[in-house]
Amino acid sequence: MNKTDAFFVTLKLYIKFIFMLTQMLENILVAQIEKEAYSSNLYLAMASWAENNGFEGTAQWLYLQAEEEHIHMLKFITYINERGGKAVIPALKQPPIDYIDIHDLFDQVYKHERLISKSINEIVGVCMEEKDYSTSNWIQWFVNEQIEEEKSVKLILDKLKLIGLHSLYLFDKDIVLMRNTASKA
Ligand code: OFO
């Protein structure tokens, strides 16, 4: 390593040290890695159930959702490491494999998203307690993302309520379209 490289490596380490996460924030962000990873696995399990029960559109929606959750997990991993923390990759419990019907499945999605919103809000709370305004700023993306996700799942649940057990074929065809429309809005 030449002198210039060594200078920049030291500077990078110094900046990392100055802006290091507090232990409390690091712990709660690491805990969130597990929640995002579990969300991804949960939606994969749901997608598999949907595929096995003839809901191909719903399966596609859930596979895309699982991918998004995986990306969320990666965001937490890189942020923790960039801020001088240590991202830990967790072991995960197995998500449920059976659902009563499509209504039950989306009920579970909604409940799960509400739990995630709660934990994101808890992170915001810790940012305030620890006066870490950079992380507070960074986590806002997730606050907004949760608002959008809860909104889109609520819309699906409302649709399902309206159609009851009829027209599920059309619902299944529509659902991917609903996702595309929401992401363009
Ligand atoms: Fe459900 O979104 Fe991740 O955070």
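Two residues are taken to be in contact if their C-beta atoms, placed from the backbone, lie within 7 Å. On that basis, residues 24 or more positions apart account for 76% of the contacts in the chain that have a separation of 6 or more. The model is a predicted one, in which local features need pLDDT of at least 70 and side-chain atom pairs count only at pLDDT 80 or more, while totals for chains, interfaces and linings use all residues. Residues are numbered from 1 along each chain as its sequence is written.

**Overall architecture**

- The chain holds six helices and zero strands, where helices (H or I, at least four residues) and strands (E, at least two) are DSSP runs numbered from the N terminus.
- Followed along the sequence, these elements give the pattern α-α-α-α-α-α, and the C-alpha trace spans about 70 × 35 × 35 Å along its principal axes.
- Of the 185 residues in the chain, 23% are buried; a residue is buried if 20 or more other C-beta atoms lie within 10 Å of its own, exposed if 12 or fewer, and partly exposed in between, with C-beta atoms placed from the backbone.

**Helix packing**

- The axes of α2 and α3 come within 8 Å and cross at roughly 165°, the axes being lines fitted to C-alpha atoms, for helices over the stretch in contact, and the angles running from 0 to 180 degrees between N-to-C directions.
- The two helices α2 and α3 are therefore roughly antiparallel to each other, since angles under 35 degrees count as roughly parallel, over 145 as roughly antiparallel, 65 to 115 as roughly perpendicular and the rest as oblique.
- The residues of the contact of α2 with α3 divide into 17 nonpolar, seven polar and five charged, with Ala, Val, Leu, Ile, Met, Phe, Trp, Tyr, Cys and Pro counted as nonpolar, Asp, Glu, Lys and Arg as charged, and the others, Gly among them, as polar.
- Helices α2 and α4 pack at an angle of about 170° with their axes 11 Å apart, and α2 and α4 are therefore roughly antiparallel to each other.
- The contact of α2 with α4 involves residues including M24, L25, I28, M46 and W49 of α2, and L105, H112, I116, V126 and C127 of α4; its residues divide into twelve nonpolar, four polar and two charged.
- Helix α4 (residues 102-129) and helix α5 (residues 133-163) have axes that come within 9 Å and cross at roughly 160°, which makes α4 roughly antiparallel to α5.
- The crossing of α4 and α5 is left-handed, and the residues of their contact divide into 17 nonpolar, five polar and five charged.

**Nonpolar cores**

- In soluble globular proteins, nonpolar side chains tend to be buried together.
- A nonpolar core here is a set of buried Ala, Val, Leu, Ile, Met, Phe, Trp, Tyr and Cys residues joined through C-beta atoms within 7 Å; the largest has 16 residues, and those with the most contacts inside it are M46, A47, A50, L62 and L105.
- The elements that give two or more residues to this core are α2 (23-52), α3 (56-82) and α4, and the largest share, six residues, comes from α2.
- Leaving aside its neighbours within four places in sequence, L62 is in contact with Y43, M46, A47 and A50.

**Individual residues**

- S40 is found in helix α2 and counts as buried, with 21 C-beta neighbours inside 10 Å.
- Leaving aside its neighbours within four places in sequence, S40 is in contact with A66, E69, H70 and M73; S40 and P95, 55 residues apart in sequence, are 9.9 Å apart in space, C-alpha to C-alpha.
- E149 lies in helix α5 and counts as buried, with 23 C-beta neighbours inside 10 Å, while E149 and I163 are 14 residues apart in sequence and 22 Å apart in space, C-alpha to C-alpha.
- K131 is found in the loop between α4 and α5 and is exposed, with 8 other C-beta atoms within 10 Å.
- Most residues other than glycine have a negative phi; K131 has a positive phi of about 55° although it is not a glycine.

Note on methods. Left-handed = near helix turned anticlockwise from the far one by under 90°.
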